[in-house]
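Let's take a walk through this protein together, loop by loop and element by element. Have the model open beside you as you read.

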Amino acid sequence: MDLKSNHAAPVLTDPAAPINKSRLGMHSSLFPCSPPLAVLPPGIFLTIPRKKTGILDEFRSSIWLDAMKSSSPPPKKITKDVSNEYSPTDADVAYNAWMAKYPSAIASFEQIANHAKGKRIALFLDYDGTLSPIVDNPECAFMSDAMRANVKKVAKYFPTAIISGRSREKVYEFVRLTELYYAGSHGMDIMGPVREHISNDLPNCIRSMDEQGKEVNLFQPAGEFLPVIEERKQADAESEAERSEESVAYQAERSGTTRVFRSLVQCTKDIVGAKVENNKFCVSVHYRNVDEKSWTVVAQRVHDVLKDYAHLRLTHGRKVLEVRPVINWDKGKAVTFLLESLGLSHCDDVLPIYVGDDRTDEDAFKVLREGNRGYGILVGSAPKESNAAYSLRDPLEVMEFLKSLMTLKK
């Protein structure tokens, strides 16, 4: 994987597609698709034209609102008639058609198992909405003990990685399993196994130690967007009490997103329910608890901050706006990197499986769909177009699927 960059220009973007007229406020499905990601061409740093300042016009405001609404569609409802029997609605018919296109990975497990015969499975998992339920407070998105136990078991049989929009440190705090590999910030902060040719050839890839003192490769493709990090020993000298006090601000202080993070915290502090989360290489603005009437206000405030940062872009998640570097990197490329790190790329006897619920997981689904490399499994009960091959309704079904995977080794 060629990741050598041209340091003469400040940012990265998709070299195969023109710059969209608006990197802020466009539904992510309207963005040009990334090119195949096995090889990233040199010279992919491009200068992004700075956007004009001003108030969102009615058209752009409508696009923002539509994108924010579609980021977390309401769950499917089934109505009953007066005879107390289920009466299918147009929504039910649409849902059944959607299920025919994205069948249950549990109901279709025999088909998956047949395809997996004689192959080595590599498992990739999102966290929020996949291993843990979506909750009002993102700091309380805890996975159940039963889920943790099953993830631990499945990792004994198959190499397993979690690829999350959270910071790598934060998702590890939630999961607390040393058997896994972790990629945070939508794959912009990866801790994977040591492979000599990878660590020697890639910029921003260094040798490091994991929580158990094991040597690993730490790859941060957006590392150039971070300022110089203060000495570790200085951080270690700080008391635990100091770290816990205003911990979000502490984490932001040690990351390169401090300035944007602080600006977003300041400009949204008067919006009831808004929460800004620092995830090291990206900043998340949660509006799940914001009155829908104020969603365009959230969008406007974020736009006002980002207009001064040409090297940042905005993407949408499930009721969250995410600010990240304009870098040609996503969860799909993180999957490819981890497969190469594990020595499983370009192998006919490998079956990668990616399970995720978010729009950002579509890049990984797309990678696996191309060339029938593996299976993407979308978690959710609301019909939507996807690059996934199968679906699961919720984290409980994800856990059942993991249990089924383990039977392949018994």
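Helices (H or I, at least four residues) and strands (E, at least two) are DSSP runs here, numbered from the N terminus. The phi of Lys319 is near 55°, a positive value in a residue other than glycine. Most residues other than glycine have a negative phi. Lys280 is another non-glycine residue with a positive phi, near 70°, and its loop lies between strand S9 (275-278) and S10. Lys280 is buried, with a relative accessible area of 18%; buried means under 20% relative accessible area, exposed over 50%, and partly exposed in between (1.4 Å probe, protein chains only).

A word on the ground rules. This is a predicted model, in which local features need pLDDT of at least 70 and side-chain atom pairs count only at pLDDT 80 or more, while totals for chains, interfaces and linings use all residues. Residues are numbered from 1 along each chain as its sequence is written, and side-chain values use heavy atoms, with hydrogens and water left out.

Now step back to the whole protein. Its secondary structure comes to 14 helices and 15 strands, and 52% of its 410 residues count as buried. Take the contacts (heavy atoms within 4.5 Å) between residues at least 6 apart in sequence: 65% of them join residues at least 24 apart.

By class, the lining of the largest cavity has five nonpolar, eight polar and twelve charged residues. Ala, Val, Leu, Ile, Met, Phe, Trp, Tyr, Cys and Pro count as nonpolar, Asp, Glu, Lys and Arg as charged, and the others, Gly among them, as polar. Why does the largest cavity lie between domain 1 (109-221 + 330-407) and domain 2 (227-231 + 254-325)? Both domains give residues to its lining, so it lies between them; the domain bounds come from an automatic or database domain assignment.

Next, look at helix H3 (residues 109-116), whose buried residues are Phe109, Ile112, Ala113 and Ala116. Seen down the axis of H3, these fall within an arc of 100°, so they line one face of the helix; the arc is that of the directions from the helix axis to the C-beta atoms. They pack against helix H14 (395-407) and several strands, including S3 (120-125) and S13 (350-356). Just after H3, Gly118 takes a positive phi of about 75°.

Finish at Ala161, in strand S4 (residues 160-163). Ala161 is buried, with a relative accessible area of 3%. Leaving aside neighbours within four places in sequence, Ala161 is in contact with Leu123, Phe124, Leu125, Tyr181 and Leu338. The C-alpha atoms of Ala161 and Leu123 are separated by 6.4 Å, although these residues are 38 residues apart along the chain.
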